[in-house]
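Welcome, and please open your viewer. We will go from stop to stop, and at each one you will get something to select and a short account of what is there.

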Amino acid sequence: MSIQRVRAYLAPYGAAERIREFEVSSATVELAARAAGVEPGRIAKSLGFKLEGRTILVVAAGDVRIDNAKYKACFGGKAAMLTPDEAVERVGHAVGGVCPFAVNEGVEVCLDQSLRRFETVLPAAGSANSCIELTLEELERFARTTRWVDVCRPRQ
């Protein structure tokens, strides 16, 4: 199960015990915010994309969306989201629990600038009913971030 994989991955960082599991689903931004008792923006959603053989995971604030023009300028191609089957195969986590921890080899993990307005954010922890609260520094280190990007815009 993916949450066990994430728990084992976070153990050397001393963070595995900080994973929160809910009795209810946290598979969407809205459900996760409700379950964790935080505003939707603080949910750090992980969005998986494919681009010419690359697998890119963009972690962004829950209240923004991908800006296609910014994405193309940043990554050099059109944003094509992974299907649910591709997410499992290429990232290693199922939709609803996709997170930047314990991902498959070769996944590029990018943190979006939209996260910078928060002291702490809550990404999923490998299942559709879990999360972990992290500072941005912890998120960057634990996720083995490739780079910070600016590819999102506010929802309208």
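How do the residues of the lining of the largest pocket divide into nonpolar, polar and charged? Keep that in mind for a moment, and note that what you have on screen is a predicted model.

**Stop 1: the largest pocket**

Start by selecting V29, K45, S46, L47 and M81. Of the 34 residues that line the largest pocket, these are the closest to its centre. The space in this pocket comes to about 650 Å³. Now for the opening question: the lining holds 20 nonpolar, 9 polar and 5 charged residues.

At least two lining residues come from each of α2 (29-36), β2 (43-51), β4 (64-66), α4 (84-91), β6 (120-123) and β7 (130-131). Which of them gives the largest share of the lining? That is β2, with 7 residues.

**Stop 2: strand β2**

Stay with β2 and select residues 43-51. Is this strand mostly covered or mostly open? It is mostly covered, since the count of buried residues is 8 of 9. Look to either side of β2 for its partners. With β3 (residues 54-61), β2 pairs in the antiparallel sense, over 8 bridges.

Then select A44, which stands opposite P123 in β6.

**Stop 3: the whole sheet**

Now show all the strands. Strands of a sheet pair through backbone hydrogen bonds, either parallel or antiparallel. Here, 6 strands form an open sheet with mixed pairing, in the order β8-β6-β2-β3-β5-β9. Why is one side of β8 and of β9 left without a neighbour in the sheet? β8 (134-135) and β9 (147-149) stand at the edges, and each has a single partner strand.

β6 and β8 are joined by 2 bridges in the antiparallel sense. Select V121 and you will find L134 of β8 opposite.

Then move along the sheet to E108, which lies in strand β5. E108 counts as buried, at 17% relative accessibility.

**Stop 4: aromatic rings**

Show the side chains of the aromatic residues. A pair of aromatic rings is described by the distance of the centres and the angle of the planes. The model has 5 aromatic pairs. Begin with Y13 and F142, whose ring centres are 4.5 Å apart; their planes meet at 40 degrees, so the pair is tilted. Where in the chain do Y13 and F142 lie? Y13 is in the loop between α1 (2-10) and β1 (20-21), and F142 is in helix α5 (residues 136-142), 129 residues apart, so that distant parts of the chain are linked.

Y13 is partly exposed, with a relative accessible area of 25%, while F142 is buried at 1%.

Another pair to select is F49 and Y71. Their ring centres lie 4.9 Å apart with the planes at 50 degrees, so this pair is tilted. F49 belongs to strand β2 and Y71 to helix α3 (residues 68-75), so the pair ties together parts that are 22 residues apart in sequence. Are F49 and Y71 buried or exposed? Both F49 and Y71 are buried.

Before moving on, select Y9, Y13, F101 and F142 together. Ring pairs link these residues into a cluster.

**Stop 5: a charge over a ring**

Select R116 and W148. What sits over the ring of W148? The charged end of R116 does, 3.7 Å from the centre of the ring.

**Stop 6: a buried glycine**

For the last stop, go to G92, in the loop between α4 and β5 (108-112). Why does G92 count as buried? Its relative accessible area is 16%, and buried means under 20%. Finally, select A128 as well: G92 and A128 are 36 residues apart along the chain, and 14 Å separates their C-alpha atoms.

Methods:
Residues numbered from 1 in each chain as written. Predicted model: local features only at pLDDT ≥ 70, side-chain atom pairs only at ≥ 80, totals over all residues. Heavy atoms only, no water. 1 Å grid on protein atoms, 1.4 Å probe; cavity = no way out; pocket = protein on both sides within 12 Å on 5 of 7 lines; lining within 4 Å. Points joined across faces, edges and corners; volume = space filled by probe spheres on them. Helix = DSSP H or I, 4+ residues; strand = E, 2+ residues; numbered from the N terminus. Nonpolar A, V, L, I, M, F, W, Y, C, P; charged D, E, K, R; others polar. Buried < 20%, exposed > 50% of the residue type's maximum accessible area, 1.4 Å probe, protein only. Pairing = 2+ DSSP bridges. Phe/Tyr/Trp six-rings, centres within 6.5 Å; stacked < 30°, edge-to-face > 60°. Lys NZ or Arg CZ within 6 Å of the ring centre and 35° of its normal.
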